[in-house]
Structure formats: C-alpha cells, structure tokens
Amino acid sequence: MRYLIGGAALFLAGIAAITFFVLQALLDEQRLEARVAEAVLAWTGYPLVATGGVDLELLPQPVLTVHRPRLGTVEDGLSLGADRLDLDVELWPLLFGSFAVDRAHLVRPVLELGAATETALAALADRLAQPGTNWPIRRLGVAGGTVATPTGEPLLQDVAGLFERAGDTGGSRFHAEARLAMVGATSQFRLEGQLGASVADRPLPLQLQLQAVTDGVAHRLTFRGQLRPAAAIREIAGEVTLELPSSVAPLAAELAGVWPALRYSAVPDAPLGLTGDIALALGEAAAPRLRLEQGSLELAGQSLTVDLLLEGGVAPAIDLRLAADRLVLAGARADWAPVASGLADSLPPTLRGPLELRAAVVEWQDQTFRQVALDLALDGSGMLDVERATAVLPGPGDLAFSGRFGPLGGRPGQSLTGKLEAALQNPAELAGAFIVPPPLFERSTTLAIETDLDWQASGLTLQNTDLRLDALQAAGGLAYRAGEADGLPQLALWAAIDRLALDEVVDPTAPETTLDGLLDLAGSTDLAIDLRVSRTSLGEARFGSLTARLDSTDGALAIERLSLNDVAGSAVAASGRLHAPSRTFALDLALDIASLSRLLRLVGREPPLALALLGPLNLRGDLAGDPERAELTAVLDADFFAARGAASITAWRERPSAALAFSLEAGEAAPLIRQLAGVAVTDPLLEGPLTAELEIDIDEGSLGAAVLQLSSGELGLVLEAARREAGPGPLDRFDIEVGPLSTETAALLYQLATRPLDLVPGPLARWRGYWPAQVLSWDWLQAPAADVTVTVRGSDPEMPPIQIIGQLGDGAVTVPAFRWSGEAGLIDAGMALSTRVDGNGVDLTLDLALERFAADRVLAVLGAAPEALGGTLDLEARLGTHGASLRTLVGNLEGALDLVLTDGVLGAASPAAGGILVERLNGALVVRRGVVAPEADPIDFAGPDGVGRIDGYADLLAWIVDLELALDGHDGTTLVRQRLFGPLAEPAPLAAVTATPPVLAE
C-alpha cells in the first residue's frame, strides 16, 4: 500500500512536473508567438508580427489569439493586418511540442495592395498549388474585413468570407462577400470558388465566380481552369466567361475613383459578353502575361472574335486582333466616341505592340462600309502608329489613312498626323454620317481628296490638299486654331479652284443668308481667306475668275478684294469693312461694263443692234450703314452721258422704307437714243441735251410715290405715281404729261417703246390694209385698280392740250368722258376696253362725237387723202369690236355712224372742175365686220350745182373703198357719174360722165 501510495505520488509528481514545464512553455507568449510566426512563414513566406502579443485559452477549447497581427508590407505587394487572429489549436499535439491549427478566424482584417501585387499573387498561387499537407488550416473565416488600394483608400468594406479544406489532399472551397467602400456606392460583390485536390507536380483545378450586383442587376465573371505551378512561371489557364447583361455605367461610375480609366467610359454603356480561353502567367523572373485565345465578344448585339496577348512589367506589350463578319453600330455618332477616347486614355503610355481590326461589313448611320481594316501599333512611347486604315466606302468608294496619334494615357498634347486619301460617289450621303453636309455636296456625285492632316487639341491643319468634286478641282490648305483665354479661334483658308458653281454655295433667291453666315463666322472666328477660282457659273450662265481676299479680327471683317470677272464681258468688285457683331458696313462697289449688249442678253433681253456701238460703262458706288439704315451713292460714267444716284434706306432687311434719287445728263440726246434703242432721231423737237430726274419713295416695302422728269431737246415728259389714299398698297394714281408732241415725235416714241413693251412694230401708217395678226398681250388689264391721267401738249402752242382721264381695274380700262375743244372743233368721247370672259382677247366699245371739225383733218388722221373731202364735219359714232390682234379687232368692228357735212367739197370727183360743192350732206352709216356702208338708201346731199347721192362701201380691214357718186342739176340734167375704187388713201376713178344739154327735135 505504501508502495502504491508512493508510486502514485511519484506519478502525480511527474505529471505535475511535466504539466508545470509544459504549461510553462505553453504560457510563454514569446514562445507561442515564435511558433505561430514560424508556421505562418512556412506557409506564406512572409513573417508574422503580433504587434499586440498573443495569449492562449485552454478551456473549453484551446484558442490561441494573436492580437493586431501584421503580415508582409506594401513594398512586398501585399500587406495584411487585423484586430486579431483566433486559432483553434489541437491540445494534444500542442502538449508534445507540435502546432496544429484546425480553424482560424480573422477579425476586421485590412488587406492593402501594393505596387508589386502581382509578385505576391504569384507566390500565393505557388503555395496553393502545393500538396494539401502544406496548408495548415482546415477552415479560415473572415469578418468585417477591408481591402484598400495602393494609395491606402478603402476599396471594399464589410468583407466576410470562409475558406474550407476537405482534407489534406482533397479539394477546397471558398466564398466571400463585400460592398464597395465609395461614398454613396450600392454595389455588392460576391466571390465563390473551388480548388481541386492538390497533387505534387500536377496542376491544381480551380473554379471562380465573381459577381457584382448594382441596381438589382448582377454582372458575373466566371473562370474554370487550372493553376499550374512551375519553377519560373506560374500560370492560371482555363475558360473565362464575362456577362454584363445591361448598362454597367452605375458600376463604372462607382469604380472610377479606384480605376480612373473608367472616367473616360472605357467600358461601353451596352450589354457585353465575353468567352474564351485565357491564360494568366505570374512569375518572379518574368513579367506577368495574359493571353486570350479564340475569344468571342458580344457587344451591343455585335459579335467579334478576339485574340489578345498582354504582357506587363517594365516594358508592357500587347497584341490584339479583332475580327467580325458584320458590325451594326447603332445610335448617334457621339455614343461611340467616348468609348474610343476612354480606351485610348486608359492605355499605359509605355505599352507597345500591334492592334488589328478586320470587319467584312460595318453599318453606321444608315451607311454600309465594307472591308474595313485597321492596322495600328503602339510604339512604347505613348504614340499610336496608324500603319493602315482602309475601307470600301458606300457609293462605292475607297478610304485610306496612315499616320500617327498620341500621346496616349490621358496625357496632354494629343495630335493626329498623317496622309488621308479618299474617293467616293454621292459624298453628301456619306458626309451625313459624320457632319451636316455642306450645300456644295448636295448635288455632287463624285469626290476625291488627298491631304496631309495635322490635328491637335489646339487646332487642325490640312496642307497639300488636292480636292476634286465632280468637275471642281481645288488645291490649297486650311489651318484652324482654337481660341485661348479671351481670344477668338483662328481660321486660315487658301485655295486655287478650277471651277465653281456659285449657286452651290450661294442661294440666288436669298443671298443675304450667305452674308449672314459669313458675318456669324467672322464674329466667332478670326479669319484669313484667300480664294481664287478660275471659272465660275450661276445656273446656265458662265463667268470668269472669282477672287476673294478677306480677313477678320475680333469681328471686324476687312474685304481686301471680292471680284468676279467676265460677267458677259463685265467685271464686278467690292472692298471695304464690315463689323460682324453690330452688322455695320462701309463698302466700295465697282462695276465695269465692257458690253451692255452682252449684259442684257445675260438677263434675257435682246438688245438693239446699234447698242453694240455703245462704249464701256463704269459704275462706282459707296454703300454704308447698319441693320437699320443704309446709304448708297453711285456714279455712272459713259461715252455720251453720266448718271448719279443716291438712296437712303431704313429697315432694309425686312420692310424697307427708302428715298431714292437718280439723275442722268447727256450732251446730245440723238446719239444716246440711237445707241440705246437703235433708232435714228430726225425730229428737231428731240435735238439737244438730255436730262432725267427720278425720285422714288418706298414705304415699308411698298412704292409710296415716284416722279420722273425727262427732257430731250424741247420734248418734256413728267410721270407722277402715287396712292389715292395714304397707307400701304400699290400705286393707284398715275399722272403723265408729255409735250410738245408732234406726229413725228409720237411715231418716234412709239418706235422706242416697241421692244421694251412688246408692241406691234411700226410705223402705224403701214398697218392700214395690212393689219398685224400678232396676238397682243392684254395681261396689263389685270393690273391693280388705278386712275390714269394723260396730258398731251401738241406742237402748236395755240392748241389746248389733250387730257385723257381713265380708270384701270377689274380687267378693264375705261375713259368715261373725254372732251376737247379748240379752234379745230370739239371732241366728245367715251371708251371701254375689257378682257373677254373666254380669255380670247378683249371687248372694245367707243362712243365718239365730233363737232365743227375740219373734214380734211379727219381724213388725215384716218390716212386718207385730205384733199378728197373739205368742209365742216359733225359726227356721232357708236362702235364695238372684240379680238386679240389688230386684224381681228378691225375685222370684227360693228356699229353706226351719223355724219353731217356742211359747206364742203367732194374733191375726188370732177377734179377738172375743182370738185363737187356740198351745202349739206346728212347720212346714216352702219359698220358690219369692218365694212362701212349706208344704213339703207344712198346718202343724198345738196349743193349749188344740184342734188347728188353717194352709194357704196369702205372696207376698213382691206382698207379699200368702192363708191359711186352722182350729181344731177336742178333741172334734172346729169352732171356727174363717178365711181371711186381702190385704196382708201388714194382711190382711182373708174369712169366719169359729164351731162350735156339734151338735143331738141325740130
């Protein structure tokens, strides 16, 4: 018993001694910390520092707690720190000196990424690929963790995760959740994965799925492959799938603070999917390398194949090749520009390597581009070489560009230089996919251009440009510089053009819009323009050279020369200054007319042949004003005359009001009239100097009044036009006074007016019997209603003037009452002329009364021989006709005439006897279809020699007369039997019978 008790005591003492020494070792913090650091170093390769010490709790479960542990440094690539690390250790191995951890738990860890993160990840991958016995922990949990960027800013917060190992050689699985640490961010992240069983010298199977949820939409990245450890290169290879089912703009905006490239919209705002075989190599000696083969990219409904090789390190390199059968780029032009700009700005400047795109068909902005090929190369200095950019353009056409772009990486001073060549058809359609096509393109069918291009953020330069647009050929250049500080942008344009259609660049119906566009440009851009065009045209008209040299500074436009030559042998030029903001202007105008005939033909008027003898004309003018008011003065110099003009216009762009005054002086009227109208002046009344004064008032866009005073020798003409009542509307009162007017002067004036008014050519005396069949224009009867007063002063100053007052309106002109009285007699008349309802000419009615008129004067007016009839004539006529020409008007003449001849003589009968004396002749005549004849019986007359009668007719259309005259003595003897036949002006006597006393029977 004593031995039993002693042995038990000895055993207990041994146990106590062992426990004392073991517990002493277990409770030694320095020894515990060293053992933990040794185990962590063996697995991770990084030393562990427990800045807060360690402690061990044995009951109820041994738990070793490391306070404020820190693993690695930022310089190592990864730095991990935490509030504490709880390790569930196994007691029995611990008692015998071993350190076995079943589970571990990190509380509020912070993982900081460093500049050499890929090196740290490479080491981690190597560790994971080792056999499972080297992984000392079966289960690792994380709670309240944070991942920080290399700059120390939190990236992910509330990280919670779990890593579980199935066994020493079995697979493992892990998952983690976190949220973005940015203020206002809503994205949630989840990472899930599995590791296969690790076998020495065999790849480690690996599956990963990363999911980001933003605005209820999940974006996923899935990987299925292997982790291949090696002595020099560690590689993760497998199949990757990227699913971005909707816009990633919210996620990109939240991540932009971490990845600045996303600020440039490097990720398209459209659904995106990517699948392919990927290999990521992470090595200590070699730079990391990413390879994507047989990739399939789905972007905004487009499918592309992708092959990518990307190498990191000190000298990063890329080899990217994209190909597609068909690309349909929907949306506006601006939707894709940020994508290209963002991708370019996100590339590191030291990256080098080729970039290639091939597309059989590209559809953009309703245009189809074929065989699109882009061969680019990054040179490692931040520049992009465009080795080749080609495409078959719609139309069809070809495009080729080669040059250089950069620097990349968002650095300032970007530029694009190179040579552009393009040839296409229907340029307006293609230009509409990029810009608003200029008017010059709208009707063009072909375009070819070659130019050296230099684009920078500060401006654009085109040099050695050769442009062909249909028949137009141009050579020159362009330079544009953006404005700096408060200065305006600058635009310089110089070009030599073979031919130019002016109506392609200037709207002939509204040329002021072109001027407004130029002034708007000058107000926003400093200009320097030098254009020279060899040949120009406007519609069917052909002109000579055009020169435009102008410049502007701060909106002040100076026109050095703007000229157009060979305008039907003439030249027009302008120079001066315009101020774009205020629209004020002061211009010098010049028009040199070498041939007025050619200029008239250009505007569709056939000039008289004699006008070809007119010498050159020189017009000089000054035009100044602003949008509210303009002042014009002009001087015209010619061989035979000089003219001056002045105009003051207000509100000239909308409803102008103006006062215009023009004057003309010629030393001799005859040569000027002969050259202007081709008419020889023989009337002495027109001989002498010629003067003309014209004054015109315009009221809010309508003529308010006009006065023309013209004198040629002794002849004077005054024309006054005004309104009957004040206010807007057409001129409706015209007063015309002309005289002294002789028959010869009237004939000459008619001849002068024939061509401009499209009248029947004269002289009028030739018409009788040969009445013109020319259809006259009666459109002037449709003019607005007006009162017209015509006053004619004759060549005899003793005769009172003739004044005719008429009204025009409703398609008719009427002279309700005309009365003239003089020594020659009294005229009382009324006339109405109106357009026929059927549109076939006019209807004319005339009421005429003559009292105490000399018969010979009436015959002279009618073109008959004045000596055929003498005496005093009283006449009343009621006539009417209709027609469209003089011939039809004369041929359709109808009516009645009552005439009385007193104290007269029929001079055409018995000329040897001095004619037949008539004391009184009273007859009634009718007119039917232009034929005048007695109404019923022959016309009787009485005279001192006896009683007579007249029978027959006068055909006005044929202008012939057929009359029979008979005169019997008071005693019944036959005195005269006479027939007159032939032209009304000079009828021929056919037979004459003289009465002889009867012979009485014895």
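Me: Before we start, what counts as a salt bridge here?
Reply: A salt bridge is a side-chain nitrogen of Lys or Arg within 4 Å of a carboxyl oxygen of Asp or Glu.

Me: Good. What kind of model is this, and how are residues numbered?
Reply: This is a predicted model, where local features need pLDDT of at least 70 and side-chain atom pairs count only at pLDDT 80 or more, while totals for chains, interfaces and linings use all residues. Residues are numbered from 1 along each chain as its sequence is written, and side-chain values use heavy atoms, with hydrogens and water left out.

Me: Back to D828 and R819: why do they get their exposure labels?
Reply: Buried means under 20% relative accessible area, exposed over 50%, and partly exposed in between (1.4 Å probe, protein chains only). R819 has a relative accessible area of 55%, so R819 is exposed. D828 has 32%, so D828 is partly exposed.

Me: How many salt bridges turn up in the whole structure?
Reply: The search finds 35 salt bridges. One of them joins the side chains of R598 and D566 at 3.9 Å, N to O. That pair links distant parts of the chain, with R598 in helix 10 (residues 596–602) and D566 in strand 32 (residues 556–567), 32 residues apart.

Me: How are helices and strands assigned?
Reply: They are DSSP runs numbered from the N terminus: helices are H or I with at least four residues, strands are E with at least two. The chain has 14 helices and 56 strands.

Me: And how accessible are R598 and D566?
Reply: R598 is partly exposed at 42% relative accessible area, and D566 is partly exposed at 39%.

Me: Which residues are linked in a network of salt bridges?
Reply: D319, R321, E356, R358, D375 and R388 are linked that way. Within that group, the side chains of E356 and R358 meet at 3.9 Å, N to O. E356 is partly exposed at 24%, and R358 is partly exposed at 26%.

Me: Switching to aromatics: how many pairs are there?
Reply: Three aromatic pairs are found in the whole structure. The rings of F163 and F174 have centres 6.2 Å apart and planes at 15 degrees, so that pair is stacked. F163 sits in strand 10 (residues 154–165) and F174 in strand 11 (residues 172–180), eleven residues apart. Both F163 and F174 are buried.

Me: What are the cut-offs for that?
Reply: Rings of Phe, Tyr and Trp (its six-membered ring) pair if their centres lie within 6.5 Å; planes under 30 degrees apart count as stacked, over 60 as edge-to-face and the rest as tilted.

Me: What geometry do W771 and W959 have?
Reply: W771 and W959 are edge-to-face, at 6.0 Å centre to centre with 80 degrees between the planes. W771 is in the loop between helix 12 (743–754) and strand 43 (786–794), while W959 is in the loop between strand 53 (946–955) and strand 54 (960–968), 188 residues apart.

Me: What does strand 54 pair with?
Reply: Strand 54 pairs with strand 55 (residues 974–983) in the antiparallel sense over nine bridges. For two strands to pair, DSSP must find at least two bridges between them. I960 has P983 in strand 55 as its bridge partner. The two strands form a hairpin with five residues between them, and G972 in the turn has a positive phi of about 95 degrees.
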